[in-house]
Amino acid sequence: MSGEPGQTSVAPPPGEVEPGSGVRIVVEYCEPCGFEATYLELASAVKEQYPGIEIQSRLGGTGAFEIEINGQLVFSKLENGGFPYEKDLIEAIRRASNGEPLEKITNSRPPCIIL
């Protein structure tokens, strides 16, 4: 018998794609509204979980924070009034990378309010 018992490979086998590869995310956000920091935080969390993912940003209209996965709108701050929870976006990416149908994210956390 060859190989040592108990050894596991950390890197994916040759020819296997990184998790998130083939999934394309576009986040459209309102820069004057100060949403760039939220985008950067979300993008960092996504890249940490899915290093092979393609994530892009583009400037949007007032109040916008819209997220598309593979061309399908999955979250809209204009509709929900808040920002997506990271766990919900990560789940949508998992579904997309497995070829499962995407559903719109309807949960949202309220925007930060300074009193």
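The following paragraphs lead through the fold of one protein chain, from its overall layout to individual side chains.

The model is a predicted one. The secondary structure of the protein chain comprises three helices and four strands. Read from the N terminus, the elements follow the order β-α-β-β-β-α-α. The chain has 115 residues, and buried residues make up 34% of them.

Strands of a sheet pair through backbone hydrogen bonds, and the pairing is either parallel or antiparallel. Here the four strands form an open sheet in the order β2-β1-β3-β4, and the pairing is mixed. Strands β2 (54-59) and β4 are the edge strands, since each of them pairs on one side only. From one strand to the next, the twist averages 20°.

Within this sheet, β1 and β3 pair in the antiparallel sense, over five bridges. Strands β3 and β4 form a hairpin with two residues between them. In the turn, Asn70 has a positive phi of about 50°.

Helix α1 packs on it and touches β1, β2 and β3. The direction of α1 makes about 170° with that of β2. Helix α3 lies across β1 and β3, and runs at about 20° to β3.

Arg24 has its place in strand β1. Is Arg24 buried, partly exposed or exposed? Arg24 is partly exposed, because its relative accessible area is 37%, which falls between the limits of 20% for buried and 50% for exposed. Leaving aside residues up to four places away in sequence, Arg24 touches Glu54, Gln56, Glu68, Ile69 and Asn70. Arg24 and Ile55 are 31 residues apart in sequence, yet the distance from C-alpha to C-alpha is 6.0 Å.

A pair of aromatic rings is described by the distance of the centres and the angle of the planes. A search of the whole structure finds four such pairs. One of them is formed by Phe35 and Phe65, an edge-to-face pair with 6.5 Å from centre to centre and 80° between the planes. This pair links distant parts of the chain: Phe35 is in the loop between β1 (24-29) and α1 (36-49), whereas Phe65 is in strand β3, 30 residues apart. Phe35 counts as buried because its relative accessibility is 10%, and Phe65 counts as buried because its value is 0%.

Phe65 has a further partner. The centres of the rings of Phe65 and Phe83 are 5.1 Å apart and their planes stand at 85°, so this pair is edge-to-face. Because Phe65 lies in strand β3 and Phe83 in the loop between α2 (77-80) and α3 (86-97), the pair ties together parts that are 18 residues apart in sequence. Phe83, like Phe65, is buried. Phe35, Phe65 and Phe83 form one aromatic cluster.

Charged groups also meet aromatic rings. The charged end of Lys77 sits over the ring of Phe83, 5.5 Å from its centre. Lys87 lies over the face of Tyr85, at 5.6 Å from the ring centre.

The last feature is a covalent link. A disulfide is a covalent bond between the sulfur atoms of two cysteines. How many disulfides does the structure contain? The count comes to one. This disulfide joins Cys30 to Cys33, with 2.2 Å from S to S. The link of Cys30 and Cys33 is right-handed, with 70° about the S-S bond. Cys30 counts as buried because its relative accessible area is 2%, whereas Cys33 counts as partly exposed because its relative accessibility is 32%.

Key:
Residues are numbered from 1 along each chain as its sequence is written. Side-chain values use heavy atoms; hydrogens and water are left out. Two strands pair if DSSP finds at least two bridges between them. Rings of Phe, Tyr and Trp (its six-membered ring) pair if their centres lie within 6.5 Å; planes under 30 degrees apart count as stacked, over 60 as edge-to-face and the rest as tilted. Buried means under 20% relative accessible area, exposed over 50%, partly exposed in between (1.4 Å probe, protein chains only). A charge sits over a ring if NZ of Lys or CZ of Arg is within 6 Å of the ring centre and within 35 degrees of the ring normal. A disulfide is a pair of cysteine sulfur atoms within 2.5 Å. Axes are lines fitted to C-alpha atoms, for helices over the stretch in contact, and angles run from 0 to 180 degrees between N-to-C directions. Contact means heavy atoms within 4.5 Å.
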